[in-house]
Each structure stands twice: as structure tokens, then as C-alpha cells.
Amino acid sequence: MGKTRKRESIKDSESFKIERGIFDERTLLNIYRLMNKGFIDTVESVVKEGKESVVLAGLDKQGRWVAIKVYRTLACDYKSMWKYLVGDPRIKGLKKDRWKVVSLWCKKEFKNLLRAKEGGVDCPQPIAFYQNVLVMEFIGKKGVPAPRLVDVELGNPERVYKKVVKNLEKIIKAGLVHGDFSAYNILFYKKPWIIDFSHAMPIKHHILALDFLKKDIRNISKFFSKLGVEVEDVEEVYRRLLQVVKGG
Ligand SMILES: Nc1ncnc2c1ncn2[C@@H]1O[C@H](COP(=O)(O)OP(=O)(O)OP(=O)(O)O)[C@@H](O)[C@H]1O
Ligand SMILES: [Mg+2]
């Protein structure tokens, strides 16, 4: 059960496509580190290869499925990430160093998820992170991820809309703006699950927070109104949510 066996099991796995260079050596070492720390036991498959990240499905020592989000470091637009991060006045002196920027991005998603979860948001429970690798609760069944809202036919879109808006409200109550809130970043497994908190920012500390909040509301209203749901007016939701900010 040592490091070597796990190393081999990753390298042997076809789905890792190591030979195509999906993961650099440092990223692999980061995954091994999380394995050695006991957060991941085995890596089973690739769930999604995105532009900014690769999401893997794995199992932990108790046999529970975990999602492993690996941020790309070579292909990413770390200069935009940097600009985004320094918009938060609490982040000072961040150098334009690829690894530093991506690691902070990953840590930010972990912390945002934690904060959202504590605020009762239906989002994955964050488990651990190390540099560019984040481990979290798996939303779906047996390594098959739940579909995104854009991919499912909803039986009762009104009810789902209400739940989504409720989640948006809880995110605000937790002091955050999601920043990329859309039907692409919501999975559906019995209920809507909000994912992808890497862009999320503290509402009171980020210069762009309120602009993003409006965009988030607009995105979701547009999606549900296309499904025939009588959505609340964007400006009204915005005002209501701002009240939540002032109140808390
Ligand atoms: N906790 C999770 N459980 C199950 N699947 C997940 C989880 N997190 C992410 N995924 C899967 O990975 C995909 C991409 O995740 P996410 O949106 O967080 O990353 P991303 O870098 O923004 O990718 P993209 O650019 O495709 O949006 C999701 O659509 C989903 O299929
Ligand atoms: Mg996404």
C-alpha cells in the first residue's frame, strides 16, 4: 500500500493519459501527497477535462467517492487569475508566478466552498487541498457525475428555480458572490448543487462583487425564463439580496 504502488496505479491507468501530458510531474506529486495524507485512496477515472481544470473521480479510504479538481498550471490564463485575485484588497504582494497564482486560486475555491457549506448552501463539502489539487465531496453516483442543469430535463422547473434562488441568497448571507453562477455550474442530483466556487469573492471586499452579483442573477433568470418559469424581476432580486447584505 506504499507510495510506489499508488504511483504505478496512476501511471498504469489508461484514463490518465499521462503520455499526452495532462499532468506535469509536480501535479502528479501533489496528487500523491494527498494520497499519502489519506484523503484519496485510488483515482478511478477522468470526469471532465476542462479548459482550466481536469476533474477526476476517486475513492477515499472509507470507499466514498471524491471529486478531485486539478487546476491546470501550464495551459491556464494565470495573468487573468492574478488580476482577479488582486482585486481583493486582502491579497497583497502576489507575484505573477504561475504556480503561486494557481495555488492561491485553488485555496480560494476550498475556502469559498467551506464558507458556503457552513452557510447551508447545497454545494460539495470541501475535504482537502494541496497547491493545485482540490478534493471534495462527489456529487453523483458511483463515480458518474450528476448532470449539469443545462443537460437535464427538469420535471418541475419552478421548484428548482426557487431552490436555486434560495441557494443564491444563502451564498450572499455567507458573505460571498459566486461570480460564475449559471446552469453550467449547477449539478442536478435530487436537488440543485452549486459547484465551481473558484471565482467566488467576498461581497464586501471585492471591487467587482456587485457587478458579478447582478450578472449571476441575470444568468439564472434567463435560463429559467426560457424554461417557461415566471421568474422574479432581476432588479428586484438584486435589491432583495442587497438588503440581505446590509442586514447581515
Ligand atoms: N464535486 C463534484 N462532483 C462531481 N462532479 C464534479 C464535481 N465538481 C466538478 N465536477 C464535474 O466537473 C465539471 C467541471 O467542474 P467545474 O465547473 O468546477 O470546473 P471548471 O474548471 O469550471 O470547468 P469548466 O471550464 O468546464 O466549467 C463539472 O461540470 C462536473 O461535471
Ligand atoms: Mg465550471
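Domain bounds in this structure come from an automatic or database domain assignment. The model is predicted: local features need pLDDT of at least 70, side-chain atom pairs count only at pLDDT 80 or more, and totals for chains, interfaces and linings use all residues. Residues are numbered from 1 along each chain as its sequence is written, and chains are lettered from A and ligands numbered from 1 in the order in which they are written.

**View 1. The two domains.** The chain is divided into domain 1 (3-144) and domain 2 (146-247). Their centres, taken over C-alpha atoms, are separated by 24 Å.

**View 2. The contact between the domains.** In domain 1, 20 residues are in contact with 24 residues of domain 2; contact requires C-beta atoms, placed from the backbone, within 7 Å. Helix 4 (residues 98-118) supplies eight residues, the largest share of the side of domain 1 that touches domain 2. Helices (H or I, at least four residues) and strands (E, at least two) are DSSP runs, numbered from the N terminus.

View 3. Because both domain 1 (3-144) and domain 2 (146-247) give residues to the shell around ligand 1, it lies between them. A residue is near the ligand if its C-beta atom, placed from the backbone, lies within 6 Å of it. Of the 21 residues around ligand 1, G50, S53, A67, P145 and D196 come nearest.

**View 4. The loop residue D196.** D196 lies in the loop between strand 10 and strand 11 (201-202). Although not a glycine, D196 has a positive phi of about 60°. D196 is buried (20 or more other C-beta atoms, placed from the backbone, within 10 Å), with 25 such atoms within 10 Å.

How values were computed. Contact = placed C-beta atoms within 7 Å. Buried ≥ 20, exposed ≤ 12 C-beta atoms within 10 Å, placed from the backbone.
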